[in-house]
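Visitor: Please show me the model. I want to ask about its pockets and its cavity.

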Amino acid sequence: MASPTGTTDAPFGRMLTAMVTPFTADGAVDYAAVRRLAAYLVDEQRNDGLIVSGTTGESPTTSDVEKERILSVVLETVGDRATVVAGAGSNDTHHSVELARAAARAGAHGLLVVTPYYSKPPQEGLYQHFTAVADATGLPVMLYDIPGRAGVPIATETLIRLAQHERIVAVKDAKGDLFAGGQMMTVTDLALYSGDDLLNLPWLSMGAAGFVSVVGHVVGAHLARMIELYRNGDVSQALAVHRQLAPVIEGIMMSAGGAIMVKAALDMVGVPVGPVRLPLVAATERQIAELRTCLVAGGVKLTDT
């Protein structure tokens with residue numbers, strides 16, 4: 001299925017959030033809340049794309065059946081007005097291929113494929129893994145380069161090789177190497193998406209297509225405006241937005257991080273998504289108090305006070 005918001009230079013849209021997976025109090029997937037959250041992210045937070053079942057979606061602890069149903073619900077809710085990208089990564093190439101095929105059957109617009117984690121494969125192993133997943137369907141692929149979690153980076157030389165594949169069209173960069181990313185964008189047509197909210201504006205200045213954000217759950221509209229301002233040449237106002245959001249990024253990403261803190265933040269803005277699944281645990285009272293201070297400092301309107 002063609003992406004409803006993709007362009008030649010931004011194949012998955014520009015403002016994407018890596019969506020959390022809502023759970024009920026007893027730990028089941030809350031599909032009604034999945035629907036509400038997807039609509040909120042697109043209609044209120046101005047996301048033109050969503051990543052489903054990525055790390056922030058707690059993909060290691062959701063079953064393949066749950067992943068497919070979550071994807072279907074999101075597609076039914078916003079698939080006509082946002083690009084819906086399915087996480088299809090694991091450290092088992094065969095499993096990743098099966099996840100990719102299931103996502104294609106469900107109607108996903110694209111795939112996010114993370115570097116195989118824990119196994120620490122050599123670069124040739126990475127090349128063959130990503131190629132196998134890209135060969136499995138007709139969907140466009142965004143690679144996910146996150147050595148802090150995966151244990152190994154995707155080398156620039158490997159990215160250049162992978163760029164020759166007609167369906168590998170983008171990279172979500174959480175490596176934070178501006179020089180290497182700049183090299184890649186100079187010699188390939190791969191679109192780079194910032195996967196580190198701290199570096200959103202710096203990556204834009206280097207030529208990034210857009211963001212795959214975590215803080216976009218609560219400040220997506222601000223990030224979308226920052227992209228518009230920068231692309232329209234108003235760099236000073238884009239910088240002002242970047243600086244305004246710094247406390248929000250600190251509060252969500254610099255403590256317990258990721259799903260734990262963004263679920264707490266969503267509770268504070270009146271979009272409850274339930275608990276996290278083990279081995280993640282809920283934010284502590286101190287972390288929640290610090291998060292509240294950071295959100296207020298960043299101009300986020302809270303509804304739980």
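Guide: Helices (H or I, at least four residues) and strands (E, at least two) are DSSP runs, numbered from the N terminus. This is a predicted model: local features need pLDDT of at least 70, side-chain atom pairs count only at pLDDT 80 or more, and totals for chains, interfaces and linings use all residues. Residues are numbered from 1 along each chain as its sequence is written, and side-chain values use heavy atoms, without hydrogens and water.

Visitor: What makes α11 stand out in the lining of the largest pocket?

Guide: α11 gives three residues, the largest share of that lining. The pocket holds about 660 Å³. Its lining has 32 residues; among those closest to the centre are Arg149, Met253 and Gly258.

Visitor: Why is a space called a cavity and not a pocket?

Guide: On a 1 Å grid over the protein atoms alone, a 1.4 Å probe fits in a cavity but cannot get out, whereas a pocket is an open set with protein on both sides within 12 Å along at least five of seven lines. Lining residues have an atom within 4 Å of a point. Points join across faces, edges and corners, and the volume is the space filled by probe spheres set on them. One cavity here reaches 30 Å³ or more. The largest cavity has about 50 Å³.

Visitor: Which residues line the largest cavity?

Guide: Asp145, Asp173, Lys175 and Asp177 are among them. Asp, Glu, Lys and Arg count as charged, so these four are charged. The lining has four charged residues by class.
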